[in-house]
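Subject: Structure handover

Hello,

Here is the structure for your files. Please open it next to this email as you read.

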Amino acid sequence: MRVLNLNPGNVNEFNNLMNNKKQKVICKVWAPWCGHCKELNKIWPFVENKIRKTKGDGLLVSIVETMIPNVNCLDSREVPGYPWIFSMKGGKKKEYNGSRDVDSLVKYIEKKMKCRTKTKRKRIRKKKKKTRARKSRARKRFLKQLRKLN
């Protein structure tokens, strides 16, 4: 998954990506003067590092307040407050209202992007192993009962 910190050098690239209606994006809109943003910016690098490791074609974007006029899909009048975290696909925005800790944010991003991380894959493998073991034990019990009947 791509992580992008929007600046004058890459804003055109971002606008071009947003022309693709299938592009999944998670945006963080923030202001340097905002106290809540300063707190979120302390943990945001950890979120970015975890998301970089995931596979997928999604985009995680950090947009500073001064860049909003240059972004085609945003209008400064629609920003409800700072920081504003939302997902976007096909021009439709859905605001994030959950907890602002690393694990909650990563879980939200993975869910919206429908991507699997290594840890998620490990959990799935463990579940499959448990299911196979459970089926095997059930089969053995069934065969044992069958032998008793014969």
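Below is what turned up, by type of interaction.

First, the ground rules. This is a predicted model, where local features need pLDDT of at least 70, side-chain atom pairs count only at pLDDT 80 or more, and totals for chains, interfaces and linings use all residues. Residues are numbered from 1 along each chain as its sequence is written, and side-chain values use heavy atoms, with hydrogens and water left out.

Salt bridges. The whole structure has 5 of them. The term means a side-chain nitrogen of Lys or Arg within 4 Å of a carboxyl oxygen of Asp or Glu. One joins E13 and R2 at 2.5 Å, N to O. E13 sits in helix α1 and R2 in strand β1 (residues 2-5), 11 residues apart. Helices (H or I, at least four residues) and strands (E, at least two) are DSSP runs, numbered from the N terminus. E13 is partly exposed at 36% relative accessibility, and R2 is partly exposed at 38%. The cut-offs: buried is under 20% relative accessible area, exposed is over 50%, and partly exposed is in between (1.4 Å probe, protein chains only).

D103 and K50 form another, at 3.5 Å, N to O. D103 is in helix α3 (residues 102-113) and K50 in helix α2, so this pair ties together parts 53 residues apart in sequence. D103 is exposed at 52%. K50 is partly exposed at 39%.

E78 and K93 also meet in a salt bridge, at 3.4 Å, N to O. E78 is in the loop between β3 and β4, and K93 is in strand β5 (residues 92-95).

Aromatic pairs. There are 3. Rings of Phe, Tyr and Trp (its six-membered ring) pair if their centres lie within 6.5 Å; planes under 30 degrees apart count as stacked, over 60 as edge-to-face and the rest as tilted. W33 and Y82 have ring centres 5.7 Å apart and planes at 85°, so they are edge-to-face. They link distant parts of the chain, 49 residues apart. W33 is exposed at 55% relative accessibility; Y82 is partly exposed at 22%. W84 and F86 have centres 4.2 Å apart and planes at 35°, so that pair is tilted. Both W84 and F86 are buried.

One more residue to look at is N15, in helix α1 (residues 11-18). N15 is buried, at 8% relative accessible area. Leaving aside residues up to four places away in sequence, N15 touches N70, V71 and N72, where contact means heavy atoms within 4.5 Å.

Best wishes
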